[in-house]
Amino acid sequence: MDEQLLPDLLRLRGSVLAASDEFFAAKENLIKPNAPVFVPETYGAKGQVYDGWETRRKRGPGGTLPDRTARDWVIVRLGAPGVVGSIVVDTAHFTGNFPQACSADACSVSGYPTFAELATDPVSGGPEGIWQEIVPRGLLTGDHRHAFSVRSRRRFTHVRLNIFPDGGVARLHVHGEVVPDPAVLQGLTFDLAALENGADVASRSDQFYSSLRNVISPGLSRVMGEGWETRRRRKPGYEWLVIRLAGHGEINLAEIDTSWFRGNQPDTASLQTLDVSTGAALTDESAWHDLLPPVRLLPDTPHRYRVYGAPATHVRLKIFPDGGVARLRLYGSLTETGLAAMRRRWDETA
C-alpha cells in the first residue's frame, strides 16, 4: 500500500513542541491542514513572508560555510501513537532558501512529556537516548514534496525533523497506522469509527468533492469542505462508504451529522454491520445486517439514534441518492475479542 494513502498522524490533533530556531517563519505552520500559499512581494519585519517554518542562515568561522553536521530541528507530537509508513517534507514555495538535506528521528513515550524531558541534547548532537533514526539523511530540492519511506514497525508518539544546515519547510506530514492504547479504551464507551481510535475507511463508492477520512476525523467540521461529499447522481441507486471499526465491538449510538450541508444533504441514510471474524467478506451482501433502517436526514443537523446490533468489525453507511455528510460517529465498546486483538497489536509494536 502507498504509505501516503495512510492517515496523517500529525493532523489527528498533533502539535509542534519545540524548534531550534524559527527566526523567519513559525514552526506551527508545519502542521496547518491547508496547502501552503505564497504571495510574492509580501514583506514583514524580517523579509518575505513564507507559509512554513524557516530558520536563519548559519555561518561557519569567519563567514565560511557551516560544518556538514550543522542542523536545525523541530519536534512534533503525533495526534495518536502509530506505526509510521512515510514522512513527507514539503518545500513548497521555498526556492532559494530550502534546506540542503533532511533526516528524521522518532521516539515512543507515555504520557505528555515536555520538550525538556524529550530532548537529551538535540541541538549539539549529544547522546540520542530515546530517539531512533527512521529516515536517514537525504537531499532536498526547492518547491517540491519529498516522500521518505519508513521501514520501522515500531509505534511512535513523537517525530523530530532535522534540516541541514538551515532553511525553510512549508509542511510536514507523518503518514501511518494508528495503534490505540488498549489500557485507555478498555471498559469504555467510545467512538468505534474515529480515525484517532484506530478506525479507517475500508471502501467507498465516490469521493468527488472531498476526502473520505473527513467523515471520521476529530472534532466538528468548520466548513462544508471538511466533510464527505459525492458528485450529483444521475441514475438510480445510492452512494456508500465502509468503515473498519477500531476493533471488534458493539455499537449503541449512531450519529450522522450533516452540518454545513444545507442544500446538498442526502435525502435518506441507513447503516449496516458486518463481522469479518466470522469469515465474511465485504463483498458478500448476505453477510451485512441492518443496524439503522433508512432515516430521513435534515440539512445542517446532527442526527442521533440509539441502535442495537450484533458485534461487528465493519459498518457501511448508505446515503440516498447522494450528497454530503460532515461526520459519522458510532459509539460503543470493544468485545473481549476486540480488546484482545488491540492488546496484541500494542505489544507487537512496542
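Buried means under 20% relative accessible area, exposed over 50%, and partly exposed in between. These legends apply that scale to a predicted model.

**Figure 1. Overall view of the predicted protein.** The model is a predicted one, with an average pLDDT of 93 and 96% of the residues scoring at least 70. Residues 121-127 have a pLDDT below 50, and this stretch makes eleven contacts in the model beyond near neighbours in sequence. Where pLDDT is low, the predicted coordinates should not be read in detail. The protein contains three helices and 21 strands. Its radius of gyration is 23 Å, close to the 20 Å given by the globule rule for 350 residues, so the protein is as compact as a globular protein of that length. The C-alpha trace spans about 75 × 45 × 30 Å along its principal axes. Of the 350 residues, 52% count as buried. Among contacts between residues at least 6 apart in sequence, 80% join residues at least 24 apart.

**Figure 2. Surface and charge of the protein.** The protein exposes about 16500 Å², of which carbon and sulfur atoms supply 53%. There are 40 positive and 41 negative side chains, and the centres of these two sets lie 2 Å apart.

Figure 3. Aspartate 143 lies in the loop between β7 (132-139) and β8 (145-149). Its phi is near 55°, a positive value in a residue other than glycine. Aspartate 143 has a relative accessible area of 44% and is therefore partly exposed. Glutamate 41 belongs to the loop between β1 (15-19) and β2 (43-44). Glutamate 41 is not a glycine, yet its phi is positive, at about 55°. With a relative accessible area of 68%, glutamate 41 is exposed.

Figure 4. Strand β6 covers residues 101-107 and includes alanine 106. The relative accessible area of alanine 106 is 0%, so this residue is buried. Leaving aside neighbours within four places in sequence, alanine 106 is in contact with Ile130, Trp131, Gln132, Ile134, Phe156, His158 and Val159. Arginine 160 is 54 residues away along the chain, and its C-alpha atom is separated from that of alanine 106 by 6.0 Å.

Figure 5. Leucine 253 is placed in strand β15, which comprises residues 239-257. Its relative accessibility is 26%, so leucine 253 counts as partly exposed. Not counting residues up to four places away in sequence, leucine 253 touches Arg304, Tyr305, Arg306 and Val307, together with Arg329, Leu330 and Tyr331. Phenylalanine 190 is 63 residues from leucine 253 in sequence, and the C-alpha to C-alpha distance between them is 9.9 Å.

**Figure 6. Asparagine 214 in the loop between β13 and β14**. When residues up to four places away in sequence are not counted, asparagine 214 touches Gly225, Glu226, Gly227, Ala326 and Arg327.

Figure 7. Proline 165 is in the loop between β9 (155-164) and β10 (168-169). Proline 321 is found in the loop between β19 (312-320) and β20 (324-325).

Methods:
Residues are numbered from 1 along each chain as its sequence is written. Side-chain values use heavy atoms; hydrogens and water are left out. pLDDT is the predictor's confidence in each residue, from 0 to 100. Contact means heavy atoms within 4.5 Å. Helices (H or I, at least four residues) and strands (E, at least two) are DSSP runs, numbered from the N terminus. The radius of gyration is taken over C-alpha atoms; the globule rule is 2.2 Å times the number of residues to the power 0.38. Buried means under 20% relative accessible area, exposed over 50%, partly exposed in between (1.4 Å probe, protein chains only). Accessible areas come from the Shrake-Rupley method with a 1.4 Å probe; for residues, only the protein chains shown count as cover. Lys and Arg count as positive and Asp and Glu as negative; His and the chain ends are not counted. The place of a charge is taken as NZ of Lys, CZ of Arg, CG of Asp or CD of Glu.
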